[in-house]
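Please read them alongside the sequence and the coordinates.

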Amino acid sequence: MAQYHPISRYLPVTFPNGNRVRRFGKHCPACRKMVGCENMFGIATLEQDKLFLAAQAHCPACGHRFPVACVINDNKHVNRVALPMWLFRFWLKMITRNRPLPPQVESWELSDAEAAAAPSGAIVEKMSDVVCSEDVLGRFDNQPICAWVEYQGRRFEFERTAPPGGKWQLNANELLLEGRLIYRLPSVETTA
Ligand SMILES: [Zn+2]
């Protein structure tokens with residue numbers, strides 16, 4: 001019996017059209033709890049624009065084991081496989097036998113965690129929630145950029161504009177205003 005690896009080890013998989021499968025889960029037929037791909041052991045392989053998956057799932061909640069065999073297309077639709085499991089597995093083994101196992105990928109989990117933890121600074125949705133300086137540094141998106149803003153009694157100075165697409169990272173001493181402008185507390189606090 002060949003040794004199978006957790007399906008999570010094969011993910012994420014990016015289809016040629018750019019869609020990506022990061023996770024895969026299936027409800028346990030015994031207890032209905034979701035069983036994640038880290039508790040499925042088998043093979044996943046991308047062949048052209050389809051991801052083929054054959055595994056034995058181990059439900060961590062109730063211990064039930066059940067087979068998972070499916071094909072995921074590049075629109076992320078999951079189709080069950082009608083072949084007998086042993087045949088599907090055999091065929092998958094044939095097409096993947098000469099391929100090395102992909103290296104252990106942990107980075108995608110990290111980047112997810114980072115993204116969730118990133119906004120540690122202040123996020124202010126509305127301009128009306130801050131006091132703006134009369135000093136204007138310029139304009140961005142047809143809106144004036146104030147030299148500083150005051151929020152909850154603290155004055156933040158303009159630092160940079162936020163890149164489009166939400167790929168910004170806020171430090172603890174920073175404030176994101178209207179999703180566009182990033183202000184920062186001066187590093188030296190002046191007592192006037
Ligand atoms: Zn279960």
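Why does Q48 count as exposed? Q48 has 8 C-beta neighbours inside 10 Å and therefore counts as exposed, the cut-off being 12 or fewer other C-beta atoms within 10 Å of its own, with C-beta atoms placed from the backbone.

1. Basis of the note. This is a predicted model, in which local features need pLDDT of at least 70 and side-chain atom pairs count only at pLDDT 80 or more, whereas totals for chains, interfaces and linings use all residues. Residues are numbered from 1 along each chain as its sequence is written.

2. Overall content. The protein chain comprises two helices and 17 strands; these are DSSP runs numbered from the N terminus, with helices being H or I of at least four residues and strands being E of at least two. Of the 192 residues in the protein chain, 20% are buried, that is, they have 20 or more other C-beta atoms within 10 Å of their own. Contacts are taken as residue pairs whose C-beta atoms, placed from the backbone, lie within 7 Å. Among contacts in the protein chain between residues at least 6 apart in sequence, 48% join residues at least 24 apart.

3. Strands 6 and 7. Strand 6 (residues 40-47) pairs with strand 7 (residues 50-58) in the antiparallel sense through eight bridges; pairing requires that DSSP find at least two bridges between two strands. T45 has F52 in strand 7 as its bridge partner. The two strands, strand 6 and strand 7, form a hairpin with two residues between them. Q48 lies in the turn of this hairpin, with a positive phi of about 55°, and is a residue other than glycine.

4. Strands 7 and 8. Strand 7 also runs antiparallel to strand 8 (residues 65-73), to which nine bridges join it. Within strand 8, F66 stands opposite A57. This hairpin of strand 7 and strand 8 has six residues between the strands, and G63 adopts a positive phi near 85°.

5. Backbone points to inspect. Most residues other than glycine have a negative phi, and most peptide bonds are trans. K76, which is not a glycine, has a positive phi of about 65° and is found in the loop between strand 8 and strand 9 (78-80). K76 counts as exposed because it has 12 C-beta neighbours inside 10 Å. The peptide bond from L11 to P12 is cis, with omega near 0°, and P12 is located in the loop between strand 1 (5-6) and strand 2 (13-14).

Terms used: Contact = placed C-beta atoms within 7 Å.
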